[in-house]
Amino acid sequence: MLFGSKTPPSRSELVTEADLARSKGRLNKAILGYKKALELEPKDAVVLGKLAPLLARVKQPEAALESFRAAAQVHLDKGFADKALAVYAQAAELFPLELDLWRQVSQLHVVKGHRAEAVKTLLRGRLHFRRGAERPGAILLLRETLALDATLFEVKLDLALLLARQKQRDEALAVLEPLPAEAKSRRHMRRLRWTQAQVTPGVGTFTSWLRALLLGR
């Protein structure tokens, strides 16, 4: 080796330097360091997980999502479902309109036997899909919610209303048809009649809504 030559930093040294840069808010330097570390160990889930949110912060969403997904997949390949779930959950919070992230988190909860958490995840994701163009995503999340828990009255109302707004009125009516028997309170009945009035506007459905509002039936 020639005098004056310098030994390249090891992967651990690169990660340490990148961690330090990140702690000081030097995001671009940290990103560069993590990328260099990944050149030496491309399937380092920890480094991929550190890199992903930094890429999101510097407005590189596609690269960030790629890093998040790669990190989660490495964890899954090693049998670390909990770690993969944490990665997907962080990604979903940063990219709430990425439908597959909410679904991945939900599916991992199901695999772990936590159906209630899976339902909560899907409903939390649905809240982000509010615009007309996002309606198909909201509908999919609601369908998957009901596949896990078919007793959720308010979710069925939400689904019916979205289906109607998507010009799928027959399917919306099919969702609503059994709900009078499932209503467990006056509030349920008021909400049901209001939704029916939205799905099929008319004197009859408006009158039914007024009756439910005044009489609770």
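Leaving aside its neighbours within four places in sequence, histidine 75 is in contact (heavy atoms within 4.5 Å) with Ala45, Phe80, Lys83, Ala84 and Val87. The model is predicted, so that local features need pLDDT of at least 70 and side-chain atom pairs count only at pLDDT 80 or more, while totals for chains, interfaces and linings use all residues. Residues are numbered from 1 along each chain as its sequence is written, and side-chain values use heavy atoms, with hydrogens and water left out.

The table sets out two residues, with buried meaning under 20% relative accessible area, exposed over 50% and partly exposed in between (1.4 Å probe, protein chains only); helices are DSSP runs (H or I, at least four residues), numbered from the N terminus.

Arginine 191 touches Glu154 and Leu157, not counting residues up to four places away in sequence; glutamate 154 is 37 residues from arginine 191 in sequence, with 8.2 Å between their C-alpha atoms.

Helix H6 (residues 99-111) and helix H8 (residues 135-148) pack at an angle of about 10°, their axes lying 11 Å apart, where axes are lines fitted to C-alpha atoms over the stretch in contact and angles run from 0 to 180 degrees between N-to-C directions. H6 is therefore roughly parallel to H8, a term for angles under 35 degrees. Leu99, Trp102, Arg103, Ser106 and Val110 of H6 make the contact with Gly137, Leu140, Leu141, Glu144 and Leu148 of H8.

Technical notes: Helix = DSSP H or I, 4+ residues; strand = E, 2+ residues; numbered from the N terminus. Parallel < 35°, antiparallel > 145°, perpendicular 65-115°, else oblique.
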